[in-house]
Amino acid sequence: MIQPKYGMTGTRTATPLLYKTVRAWVMSLPDDAIIYHGACEGADALVAEAAKERGLYVIAVVPHNKKAVDYNSVRNSDERIDAPKGMNGKNDYRVRNELLVSQVDFMHAFWTGKKRYSGTFMTMNIARKTNVPLTYDMV
């Protein structure tokens, strides 16, 4: 049986609602799920922690630009994929987001509703454009 691969993206701002919503999402996943996250603070770090506590296999997709990387989320991961540097007008986070979406069967977002300058919204659009099924929670 092929293990389902779930990617996630979300806000970097950790709130009680985000914490609760992340935990509920992780608990709803199948026992053999593989989780891919973007290795940043906020939702990524919370998902990595909750998934490890649940015993799921976790993969960090780390951006070349390490400015927003949460190293605890990387340490809470079983595997690490380092995204290449952005080129030809693509920033490092877009390259990481495209790589993350390309690895998964399903994508889930923890979204604040913000569209401008939002990596979460960017990643949601990448999933839509590449026909990766997308769900989201408003946080």
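Predicted model: local features only at pLDDT ≥ 70, side-chain atom pairs only at ≥ 80, totals over all residues.
A residue counts as buried if its relative accessible area is under 20%.

**Helix α5**

Helix α5 covers residues 119–129, and its buried residues are Thr120, Phe121, Met122, Thr123, Met124, Ile126 and Ala127. These buried residues pack against β1, α4 (92–102), β5 (106–111) and β6 (134–138). At the start of α5, the backbone nitrogen of Thr120 has a side-chain oxygen of Ser118 within 3.3 Å. After the helix comes Asn131, which has a positive phi, near 60°.

Strand β2 consists of residues 34–37. Ile34 and Tyr36 point to one side of this strand, while Ile35 and His37 point the other way; all are buried.

| Strand pair | Sense | Bridges | Residues opposite each other |
|---|---|---|---|
| β1 and β2 | parallel | three | Gly7 and Tyr36 |

β1, α1 and β2 form a β-α-β unit that is right-handed. A right-handed β-α-β unit is also made by β2, α2 and β3.

**The nonpolar cores**

The largest nonpolar core has 18 residues. Those that touch the most other members are Val22, Trp25, Val26, Leu29, Ile35, Val47 and Phe110. Two or more residues of this core come from each of β1 (5–10), α1 (16–28) and α2 (43–54). With six residues, α2 gives the most.

What does Val47 touch, leaving aside residues up to four places away in sequence? Its contacts are Met8, Val22, Trp25, Val26, Ile35 and Phe110. There is also a second, separate core, made of twelve residues, including Tyr36, Val61, Val101 and Ile126.

Two residues already named, Tyr36 and Ile35, show how strand β2 relates to these cores. Tyr36 points one way from the strand and Ile35 the other. Ile35 belongs to the largest core, and Tyr36 belongs to the second core.

**Aromatic pairs**

The whole structure holds five aromatic pairs. One of them is formed by Trp25 and Phe110, with 5.7 Å from centre to centre and 85° between the planes, an edge-to-face arrangement. Trp25 is in helix α1 and Phe110 in strand β5, so this pair ties together parts that lie 85 residues apart in sequence.

Are Trp25 and Phe110 buried or exposed? Trp25 has a relative accessibility of 8%, so Trp25 counts as buried. Phe110 is buried because its relative accessible area is 0%.

Why is the pair of Trp111 and Phe121 called stacked? The planes of the two rings stand at 15°, with the centres 5.6 Å apart, so the pair is stacked; the cut-off for stacked planes is under 30 degrees. This pair links distant parts of the chain, with Trp111 in strand β5 and Phe121 in helix α5, ten residues apart. Both Trp111 and Phe121 are buried.

Trp25 and Phe110 also belong to an aromatic cluster, together with Tyr6 and Phe106.

Key: Residues numbered from 1 in each chain as written. Heavy atoms only, no water. Core = buried A, V, L, I, M, F, W, Y, C linked by side-chain atoms within 4.5 Å. Buried < 20%, exposed > 50% of the residue type's maximum accessible area, 1.4 Å probe, protein only. Helix = DSSP H or I, 4+ residues; strand = E, 2+ residues; numbered from the N terminus. Contact = heavy atoms within 4.5 Å. Pairing = 2+ DSSP bridges. Right-handed = clockwise from strand over helix to strand, strands pointing away. Polar contact = N/O pair within 3.5 Å; in protein donor to acceptor, adjacent residues only side chain to side chain. Phe/Tyr/Trp six-rings, centres within 6.5 Å; stacked < 30°, edge-to-face > 60°.
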